[in-house]
Amino acid sequence: MNENNEFDALKDASCRDVLKLIVDKQRAQFNRNRFSADSGEAEESLSLSESVRADMRNHFEILSLMLLLVERIMLEPAGKTVRRCFAILTCVIVLFCVSGCGVSGNGADGTKQQEKIEAINFDDINWSIGERVFEGERCVGLNYTNNTKYPLLGFEIDFALKENLTEEQKAVIDSFKKENTWFFSDEIDEEDEYIDEELEMRVIARRYIEPGESMNGVPCLINNLLDFDDMTLYEAMEPDIATIAFVGTDNKLHLVFYDFHSKTLTESNNAPISIDEWSDSNISKLIPRVEAKAIIIDDDDDDWFSFEAYGVSYEYFEWYVSACKEAGFTANVDWDDSENYCAENADEYEVDIEYSSFWQAMSVSIENFT
């Protein structure tokens with residue numbers, strides 16, 4: 001199915017259908033990045049330019065689906081489901097932005113250039129899962145404290161179903177699926193009996209955490225989308241792989257993976273990511289340069305520049321919106337509320353600024369639609 005036919009087929013799609021397609025595409029992108037990092041086969045089969053073009057096509061498709069999802073959410077009646085859809089969409093966007101940064105950096109001779117950083121000790125991250133409160137609603141969530149010597153920018157744990165589930169756990173999973181038929185309707189058999197479909201649980205934290213600091217109440221999600229408040233469902237899971245993103249002494253972002261089964265820590269094959277660089281492109285000069293503890297550039301083209309800034313206070317977000325207004329972005333205002341601003345300048349360049357008080361992070365993009 002070509003791209004146009006694919007989006008035509010989604011004209012009448014539900015929020016559930018669009019959400020699942022976004023996650024499927026994001027998971028496929030993540031697997032491609034991981035494959036290319038762990039194997040030389042991907043580099044042999046695709047040139048760098050072909051690989052970049054493939055990634056960009058996928059990114060544009062996911063962005064288009066996100067816009068379609070927002071349209072579908074706006075058509076839904078107000079209520080708890082819609083609020084959760086917005087929270088879910090935010091998590092998907094975070095996944096999209098972070099995985100987009102997973103491009104390996106090579107030196108002129110094609111070899112990885114990175115300073116050797118002393119290994120992080122996973123046991124120095126004190127984490128626990130329990131009953132929490134997120135945005136005024138109960139959920140099963142993560143609390144963790146950074147006792148390492150490095151600032152953390154990301155902490156993620158993937159869980160898998162245990163091999164031998166109790167009858168109580170099976171019943172809870174069955175009940176959870178029935179409560180979320182908008183998502184699981186095609187995974188429940190005709191007799192509404194428990195199906196041993198592979199459920200996954202993931203918790204993702206994306207916040208700049210200094211050594212000694214903590215973060216609380218990060219919601220756990222089933223299959224990347226659904227939050228829940230029953231600890232019995234969590235007890236049916238076991239931790240599998242943890243991903244830690246930390247800022248090394250070289251002031252770059254490093255990724256390591258912890259295997260809960262072998263209790264081993266593995267460094268990513270991707271080169272460290274710069275967190276303090278800025279673009280030299282003409283489009284980036286149209287907006288103020290951001291000062292933050294970590295800046296991750298997502299896209300840097302002639303007509304599109306975007307980045308994530310971490311460790312940003314709300315007061316700084318307000319200042320940045322004011323600075324963009326002073327720079328001329330005051331026409332055709334789409335959003336202007338407590339955590340969002342979107343407007344154009346006289347040359348029809350559009351800036352979009354979004355702030356998350358929970359993550360203490362700011363997402364900024366500027367593009368030209370002409």
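# Reading a predicted chain, feature by feature

Modeller: Let us start with lysine 263, which counts as exposed because its relative accessibility is 60%, and keep in mind that the model is predicted. Lysine 263 is found in the loop between β7 and β8 (264-267), and its phi is near 55 degrees, a positive value in a residue other than glycine.

Colleague: Which other residue has a positive phi, near 50 degrees, without being glycine?

Modeller: That is asparagine 223, whose phi is near 50 degrees and whose place is in the loop between β5 and α8. Asparagine 223 counts as buried, because its relative accessibility is 14% and the cut-off for buried is under 20%.

Colleague: How should I read a sheet, and what is the order of the strands in the open sheet of six?

Modeller: As a general idea, the strands of a sheet pair through backbone hydrogen bonds, either parallel or antiparallel. Here the order is β10-β11-β15-β14-β13-β12, and the pairing is antiparallel. The edges are taken by β10 (294-300) and β12 (331-336), and because each has a single partner strand, one side of each is left without a neighbour in the sheet. From one strand to the next, the twist averages 10 degrees.

Colleague: How many bridges hold the pair β10 and β11, and how many the pair β11 and β15?

Modeller: β10 and β11 pair in the antiparallel sense over six bridges, and a hairpin of three residues joins them. β11 and β15 are also antiparallel, with seven bridges.

Colleague: Why is β11 described as largely enclosed by the rest of the structure?

Modeller: The reason is that seven of the seven residues of β11 are buried. Trp304, Ser306, Glu308 and Tyr310 point one way from the strand, whereas Phe305, Phe307 and Ala309 point the other way, and all are buried. Helix α9 (residues 314-326) lies across β11 (304-310) and also across β12, β13, β14 and β15 (361-368), with its direction at about 170 degrees to β14.

Colleague: How would you read a helix such as α6, and which of its residues are buried?

Modeller: In general, an α-helix has 3.6 residues a turn, so residues three or four places apart point the same way. Helix α6 (residues 167-179) has 13 residues and reaches 18 Å from its first C-alpha to its last, close to the 18 Å expected. The buried residues of α6 are Gln169, Val172, Ile173, Asp174, Phe176 and Lys177, and what covers them includes β3 (152-161), α7 (181-184), β5 (214-222) and α8 (231-235). In helix α8, threonine 232 touches Glu168, Gln169 and Val172 once residues up to four places away in sequence are set aside. Threonine 232 is itself buried, with a relative accessible area of 16%.

Colleague: What does tyrosine 258 contact beyond its neighbours within four places in sequence?

Modeller: Tyrosine 258 lies in strand β7 (residues 252-259) and counts as buried at 10% relative accessibility. Its contacts of that kind are Phe122, Asp240, Ile241, Ala242, Ile244, Lys263, Thr264 and Leu265, a list that includes lysine 263, with which we began. Aspartate 240 is 18 residues from tyrosine 258 along the chain, with 8.4 Å between their C-alpha atoms.

Conventions:
Residues are numbered from 1 along each chain as its sequence is written. This is a predicted model: local features need pLDDT of at least 70, side-chain atom pairs count only at pLDDT 80 or more; totals for chains, interfaces and linings use all residues. Side-chain values use heavy atoms; hydrogens and water are left out. Helices (H or I, at least four residues) and strands (E, at least two) are DSSP runs, numbered from the N terminus. Buried means under 20% relative accessible area, exposed over 50%, partly exposed in between (1.4 Å probe, protein chains only). Contact means heavy atoms within 4.5 Å. Two strands pair if DSSP finds at least two bridges between them. Axes are lines fitted to C-alpha atoms, for helices over the stretch in contact, and angles run from 0 to 180 degrees between N-to-C directions. The expected span of a helix is 1.5 Å times one less than its number of residues.
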